[in-house]
Amino acid sequence: MGEATDWEFFEVLEPASQRIPFVFNSPHSGRYYPQSFLDQSRLDPHAIRRSEDHFVDELFRSATFLGAPLLCAHFPRAFLDVNREPYELDPRMFEGALPAHANISSMRVAGGLGTVPRLVAENMEIYRSRFPVEEALARIEAIYKPYHATLRKLIARTHVQFGMSVLIDCHSMPGNVHLPGSGQRPDFIIGDRYGTSAAGEMSRTAVDLLEQLGYVVARNKPYAGGFITEHYGRPTRGLHALQIEINRSLYVDEATLVKKPGFAALEADLATFIAALARHVEDYGAYLPLAAE
């Protein structure tokens with residue numbers, strides 16, 4: 001990628017043995033910002049973190065104790081977004097021509113949120129100027145492709161071992177998100193691509209379990225799931241993918257990025273949620289491929 005690296009792009013936190021048919025993924029909680037990237041940016045080191053899913057990897061670390069692997073990004077979303085197609089790229093950002101197979105006209109590219117993003121939250125431009133297209137393509141080769149190869153391997157291994165697999169794609173959302181047509185602020189949103197990425201029974205159960213813990217929960221609106229949920233969810237084949245969005249105001253001060261006192265309680269609730277959803281899948285998993293909506 002044009003410079004030596006002494007940091008891991010991502011890692012898999014493995015349980016001592018995998019005991020449940022789940023794979024957890026935290027693709028946007030990376031918080032290592034290479035100095036060369038910061039030097040390219042017009043944003044200060046605090047502002048550039050506005051699109052980060054703050055500490056989501058830590059909130060879900062109980063998954064490994066419950067018997068599931070957790071894939072964690074260390075690279076930041078502002079640097080590279082693996083919840084996109086591999087080549088959703090904006091030609092206006094780069095010096096040089098993009099490859100013919102690049103998707104330059106997706107809504108995400110138009111919104112500045114492609115594979116190599118142009119913006120962070122609130123439409124804040126990341127880069128001072130254009131940079132060589134070769135650098136963007138190098139990020140895809142060095143990070144994006146190995147990341148997805150690792151995720152595919154974890155899902156395939158789980159499917160072979162258990163006859164099914166449940167991917168939980170873990171994210172956070174800004175505290176000011178409101179439900180469409182309502183002034184209500186959700187604590188969680190469960191996304192299953194409107195029933196196409198996971199059995200409806202599973203996503204409804206996820207909503208119910210979180211509501212039983214006292215949270216306000218929505219399903220699919222305004223976040224139904226991104227590329228990862230859509231790409232890896234094949235419920236008729238026993239491959240289920242759910243996206244979970246957590247309201248950041250529950251656990252972090254969005255101005256200072258300091259954890260709130262309720263962080264540990266939320267982490268404990270998520271452990272309770274994971275264990276209960278795993279029991280549901282264990283009890284009813286044989287029927288889930290038939291229950292896709």
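Mentor: The model is predicted, so treat every value as computed from it. Start with the lining of the largest pocket. It counts 33 residues, and Arg77, Ser172, Pro174, Tyr223 and Arg248 lie nearest the centre. The pocket volume is about 710 Å³. Sorted by class, the lining holds ten nonpolar, 13 polar and ten charged residues.

Which strands supply at least two residues each of that lining? They are β5 (119-120), β8 (165-173) and β11 (239-247). The largest share, three residues, comes from β8.

Along with Ser51, Ala78, Asp81, Arg84, Leu113, Pro117 and Leu119, Arg77 lines the largest cavity. A search of the whole structure finds one cavity of 30 Å³ or more. The cavity lining divides into four nonpolar residues, one polar and three charged.

The largest nonpolar core has 43 residues, and Phe75, Leu80, Phe94 and Val116 touch the most other members. At least two residues each come from α1 (35-40), β3 (70-73), α5 (133-162), α7 (227-232) and β11. Helix α5 gives the most, nine residues. Strand β11 was also named above for the pocket lining.

Look at Val116 in detail. Setting aside neighbours within four places in sequence, Val116 contacts Phe79, Leu80, Glu88, Leu89, Met93, Phe94, Tyr127, Phe131, Ala136 and Arg139. Leu80 and Phe94 in that list are also among the core members that touch the most others.

There is a second, separate core of 40 residues, and Leu70, Met202, Leu270 and Phe273 belong to it.

Take α6 (residues 200-212). Its 13 residues should span 18 Å at 1.5 Å a residue, and the end C-alpha atoms are 18 Å apart, so the two agree. Met202 is buried in α6, as are Gly200, Ser203, Thr205, Ala206, Val207, Leu209 and Leu210. What do the buried residues of α6 pack against? Their partners are β8, β9 (188-191), β10 (217-219), β11 and α8 (263-284). Gly214 follows α6, with a positive phi near 100 degrees.

Now α8. Its 22 residues should span 32 Å at 1.5 Å a residue; the end C-alpha atoms are 31 Å apart, which agrees. Buried residues in α8 include Leu270 and Phe273, both members of the second core. An α-helix has 3.6 residues a turn, so residues three or four places apart point the same way.

Phe22 sits in strand β2 (residues 22-26). Is Phe22 buried or exposed? Its relative accessibility is 1%, under the 20% cut-off, so Phe22 counts as buried. Beyond neighbours within four places in sequence, Phe22 contacts Leu277, Ala278 and Val281, along with Ala68, Pro69, Thr158, Val166 and Ile168. Phe22 and His159 are 137 residues apart in sequence, yet their C-alpha atoms are 9.2 Å apart in space.

Definitions and conventions:
Residues are numbered from 1 along each chain as its sequence is written. This is a predicted model: local features need pLDDT of at least 70, side-chain atom pairs count only at pLDDT 80 or more; totals for chains, interfaces and linings use all residues. Side-chain values use heavy atoms; hydrogens and water are left out. On a 1 Å grid over the protein atoms alone, a cavity is a set of points where a 1.4 Å probe fits but cannot get out, and a pocket is an open set with protein on both sides within 12 Å along at least five of seven lines; lining residues have an atom within 4 Å of a point. Grid points are joined across faces, edges and corners, and a volume is the space filled by probe spheres set on the points. Helices (H or I, at least four residues) and strands (E, at least two) are DSSP runs, numbered from the N terminus. Ala, Val, Leu, Ile, Met, Phe, Trp, Tyr, Cys and Pro count as nonpolar, Asp, Glu, Lys and Arg as charged, and the others, Gly among them, as polar. A nonpolar core is a set of buried Ala, Val, Leu, Ile, Met, Phe, Trp, Tyr and Cys residues joined through side-chain atoms within 4.5 Å. Buried means under 20% relative accessible area, exposed over 50%, partly exposed in between (1.4 Å probe, protein chains only). Contact means heavy atoms within 4.5 Å. The expected span of a helix is 1.5 Å times one less than its number of residues.
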